[in-house]
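User: I am new to this structure and would like to learn how to read it. Could you walk me through a few features?

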Amino acid sequence: MTSRSYVAGAALSAIGFALLVVAHYLGLFVAPREAMMGDVGRILYVHVPTAWGALLFYLGAFVAAIGSLWSGRRGWDAATTAMVEVGTVMTFLLLVQGSLWARPTWGTYWTWDPRLTTSAVLAAAFGVVLLLRRLIDQPARRATATAVATIVAFVDVPIVYFSVKWWNSLHQPVSSRQTIDSPMMQPLLIAAVAVLLLGIGLSVLRWRVELARLLAEEAAPDLPDAPAPLDLSGASGAPRG
Amino acid sequence: MGQGMIQGGWGYVIAVYGISWGVMLGYAVMLLAQARESALARALPEASAASPASSHKGRAP
Amino acid sequence: MTQAVQRRLFLVVALLVAGGALGVIAMGGIGENLVYFWTPAQLHQNSDKAVGATIRLGGVVQAGTVDWQQGDQLLTFTVGEQTVDTATPVVVKAKGAPPQMFREGIGVVVEGTMRKDGVFAADKVMVKHSNEYRAPTEGVDPESLYATVEEL
């Protein structure tokens, strides 16, 4: 049996991938090469949407973490986990992409510039959130720890964003419509929408997987801290052991 | 010494696009498989996820 | 204390900690520890600390100062605050070819140390790209391109 969330997650991911094909086709073969960076400038269409996506899904995780602590519902706990993981996949990609872009343009794969340093901290901080989650068995305690750690790790998100304004950096400042020529803006914006849809789709799928795990865990009889029987409205028959 | 502009460098572009697509597609396929498996194995009732009674604290009356 | 109250207490504490930490950093609390490079003027102010220590200098490659000795692979140029900076330029010497985008008028960050004779010995020359992405114009005058990367 498939479910609505499975279909929605798969469909959004597919639409995201399809749009990304369009954006990257335009970026790689239609858009002009950048005046200084030449063809290497085409990395823009992958790197910048990934950065926006990473920060955005961490923002989503932050909101879900607040929801989780406020309500105590496992749906929010699963949503927090899902978006932390999607954001972390994107942040990992962000660091690799940036490094491969930095080598031909800046002349180095890595330097401890404020933007790069705070981005590496971002990946590490949310990596710890995911690790922490694996280390705690008791569901309520795990949900609380995940949410609190997510809120604390989120502090780095605005710092990453503002790092290029607050401190001297090698990384360029935030780009805008004024600093990007229109033939380059179009594939960039399409790629940004694509990454947004893809990220939402993947988050829905991940949320579903996490929720199934949490439900299975609660249904398992040998847990030390088995909760009282739940009123699974609409559930037919006892869950499998 | 160059002319102040980057010549070539398609290798970096291909590497970035390749790694990014590879990781995202791989992650998507993994999640689809896991989500499908959980759907097949449990016939998970959708409603329970959003139902107010499904607090993981188990303090339902 | 019920679990709900405890959870919401955690929420308030976490938000306060997060907000406080962000506030401290935004107000410059760790600003001094995150100095990635010194500008030429800052380098002169800290000249006592600059000799022998590994430091970074950031600025603009001054027009007419680039000298590249292909045979010795020796690069010499002057870094100033702006494109034309007569007040605080620093002479930089580096071994090896710089990144392809290196040219007069571009922003650079060099890593190395200050020699006693006032020359910056760079181990690493890094080129700064501005936040501008421009389509190349046909028959463009290279000089006009410099204008886009002047602001650092």
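Predicted model: local features only at pLDDT ≥ 70, side-chain atom pairs only at ≥ 80, totals over all residues.

**Reading contacts and salt bridges**

User: Where is Asn46(C) found, and is Asn46(C) buried or exposed?

Analyst: Asn46(C) is in the loop between α2 (40–45) and α3 (47–50) of chain C. Buried means under 20% relative accessible area, so Asn46(C), at 15%, counts as buried.

User: Now the interface. What is the area buried between chain A and chain C?

Analyst: The general idea comes first: an interface's size is often given as the accessible area lost when the parts come together. Here, about 3900 Å² is buried between chain A and chain C, and carbon and sulfur atoms give 65% of that area. The contact involves 46 residues of chain A and 39 residues of chain C.

User: How many residue pairs are in polar contact across the interface of chain A and chain C, and which helix of chain A gives the most?

Analyst: There are 20 such residue pairs across this interface, both partners having pLDDT 80 or more. On the side of chain A that touches chain C, α2 (44–71), α3 (74–105), α5 (139–154) and α6 (156–166) each supply at least two residues. The most comes from α2(A), with seven residues. By class, this side of chain A has 27 nonpolar, 15 polar and four charged residues.

User: Which residues form the salt bridge between chain A and chain C?

Analyst: The count between these chains is one salt bridge. Asp181(A) pairs with Arg134(C), with the closest N and O atoms 2.8 Å apart. Arg134(C) also forms a salt bridge with Glu132(C), where the closest N and O atoms are 3.4 Å apart. Arg134(C) is partly exposed at 21% relative accessibility, while Glu132(C), at 16%, counts as buried.

User: How many salt bridges are there over all chains, and what does the one between Arg133(A) and Glu210(A) tie together?

Analyst: Over all chains the count comes to 13. In one of them, the side chains of Arg133(A) and Glu210(A) meet at 2.9 Å, N to O. Arg133(A) lies in helix α4 (residues 114–135) and Glu210(A) in helix α7 (residues 182–219) of chain A, so the pair ties together parts 77 residues apart in sequence. Glu210(A) also forms a salt bridge with Arg206(A), four residues away in helix α7 of chain A, about one turn of the helix. A network of salt bridges links Asp77(A), Glu85(A), Arg133(A), Arg206(A), Glu210(A) and Arg213(A).

Notes: Residues numbered from 1 in each chain as written. Chains lettered and ligands numbered in written order. Heavy atoms only, no water. Contact = heavy atoms within 4.5 Å. Buried area = accessible area lost by both parts, 1.4 Å probe. Salt bridge = Lys/Arg side-chain N within 4 Å of Asp/Glu carboxyl O. Polar contact = N/O pair within 3.5 Å; in protein donor to acceptor, adjacent residues only side chain to side chain. Nonpolar A, V, L, I, M, F, W, Y, C, P; charged D, E, K, R; others polar. Buried < 20%, exposed > 50% of the residue type's maximum accessible area, 1.4 Å probe, protein only.
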